[in-house]
Amino acid sequence: MCVLTTWKQRVPLTLMDHPAPVEQLSAAAELQMPFSDTVKYLILGVSVTLLLLALGILAWQTFRCCTNTHTTYTQQDTVNSDVLDSDEKSTTAGKFSGAPSMKMEDVSTEVQRQSRCLPQASGSSEAEGDEGEQLNVKQVDGSLRFSLYYDQPLSRLVVTVLQVEGLQELSQTCCLQPFVKLRLMWAGSEGVDVEGGGTSPALWTVLQEWQTRIVKDSCNPLYGDQFSCILQQDKDALHHVSLRMEVWDFDKFSRHTLLGGVRVPLGKLNVSYPLELHEDLQLPQKDRVGEVLLSLKFLPTSQRLEVGLLKVRTVPTEICSDAAVYVRISVQCNHCKLRSQKTSVVARCRVNVFNEVLMFSLPEFPVERCKIIISVYETHTTWKSPKHLIGQLTVGKERSTEDEHWNWMMRSVRQPVAKWHGLLI
């Protein structure tokens, strides 16, 4: 009982406690305890475990960061101390012009091994034959043993690859997987007049191509593979034929490494009976198998390159009704393949006219780091292989050589410049 007093009069009021409804009490109980104690303890344990795991990762990353920073500072201090020591020595000797000597580690072997593992040339479905092959050969070791025989009554040439000896491994981590690629070359034309004056050099034609099996993990592989073909029934048929053999190191990414080659002119040998030869591997040389009339134009404002393919001249051994030719043009900048485009397919003849212009958008790299690769292919509907490489050429500016056509293009900006180029294989 509580009595309230006002300034006018006193009014007795009685305050009573009323209990809450039973339904509201049950609902509140359910909200306060949604899970059992076992579930609550399980959730708490998982939370604590995740917290400890996060703290452990944070501590490990902090330790690594401190360790790397300490190592970097230690290396810098070592280099600085070497420079200071060299400066002190030069001051004592009275020679201030000498620069401190730095010890550089030769990593060319490791770089070559890593570059072979990059799927640059075989990453796309348009990887093309010899486009991914390594052609930079500085040192050649080893020899090739083979035999030749020409059966005059049948006009049949038989080539047997016996053995490759004395190969040197490119690196200690990778073992050689050598194979031999053979090309039977025929001198097609002695010289043809080219538009604009002058005479083109002799063009070669690939009569036959063979390849031996791959021998794994061997620097002295034994083969015994035999190949044969029928030549023209002519007394002087062998005088225009040369056999070119190249030893390659196989790579699963199609970036085979060239180890060396042997070239044998059959006209200078008496192969009427089986003749076994043992030749040392030499630096490989490419043969001119055709010519391409190319037009180039550079647009610096839009950073675009226009490549015009006008004509392609080759010397086919025989013109078939189902033979066709197309050209694939690709642009590489800073040793990275940007894009490749393909021309239309035309029926093959001695001089194929395309007159097509392909546009390439270049990145922010300087134009001097870019180069153009032209690949000419032949297709046959009756052949098992869908395409066959005829030859390739490269146009660009490099440190070692400066292409004349590339310099003309840079001098005459926004104007097309045309020039004949040799197609090599």
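Predicted model: local features only at pLDDT ≥ 70, side-chain atom pairs only at ≥ 80, totals over all residues.

In general terms, it is a covalent bond between the sulfur atoms of two cysteines.

**Entry 1: sulfur links**

I searched the whole structure and got one disulfide. Which cysteines does the disulfide join? They are C333 and C370, with 2.1 Å from S to S. I also checked the handedness: the link of C333 and C370 is right-handed, with 100 degrees about the S-S bond. The pair links distant parts of the chain, since C333 is in strand β13 (residues 323-333) and C370 is in strand β17 (residues 370-380), 37 residues apart.

Is C333 buried or exposed? Buried means under 20% relative accessible area, and C333 comes in at 1%, so C333 counts as buried. C370 has 2%, so C370 is buried as well.

I then looked at C66, which is in no disulfide.

**Entry 2: rings**

How many aromatic pairs turn up in the whole structure? The search gives three. One of them is Y326 with Y377. Their ring centres are 5.6 Å apart and their planes meet at 20 degrees; planes under 30 degrees apart count as stacked, so I wrote this pair down as stacked. Here are β13 and β17 again: Y326 is in strand β13 and Y377 in strand β17, 51 residues apart. Both Y326 and Y377 are buried.

Next I looked for charges over rings. K181 lies over the face of W248, 5.1 Å from the ring centre. R263 has its charged end over the ring of W204, at 4.9 Å from the centre.

In soluble globular proteins, nonpolar side chains tend to be buried together. The largest nonpolar core in my model has 33 residues, and I329 and I372 have the most contacts inside it. Among the elements that give two or more residues to this core are β13, β17, β5 (178-189) and α4 (404-411).

What does I329 touch, leaving out residues up to four places away in sequence? My list includes V307, L309, L358, F360 and I372, along with R339, S340 and Q341.

Last item: a second, separate core has 32 residues, including L144, L148, V262 and L281.

Definitions and conventions
Residues numbered from 1 in each chain as written. Heavy atoms only, no water. Disulfide = S-S within 2.5 Å. Helix = DSSP H or I, 4+ residues; strand = E, 2+ residues; numbered from the N terminus. Buried < 20%, exposed > 50% of the residue type's maximum accessible area, 1.4 Å probe, protein only. Phe/Tyr/Trp six-rings, centres within 6.5 Å; stacked < 30°, edge-to-face > 60°. Lys NZ or Arg CZ within 6 Å of the ring centre and 35° of its normal. Core = buried A, V, L, I, M, F, W, Y, C linked by side-chain atoms within 4.5 Å. Contact = heavy atoms within 4.5 Å.
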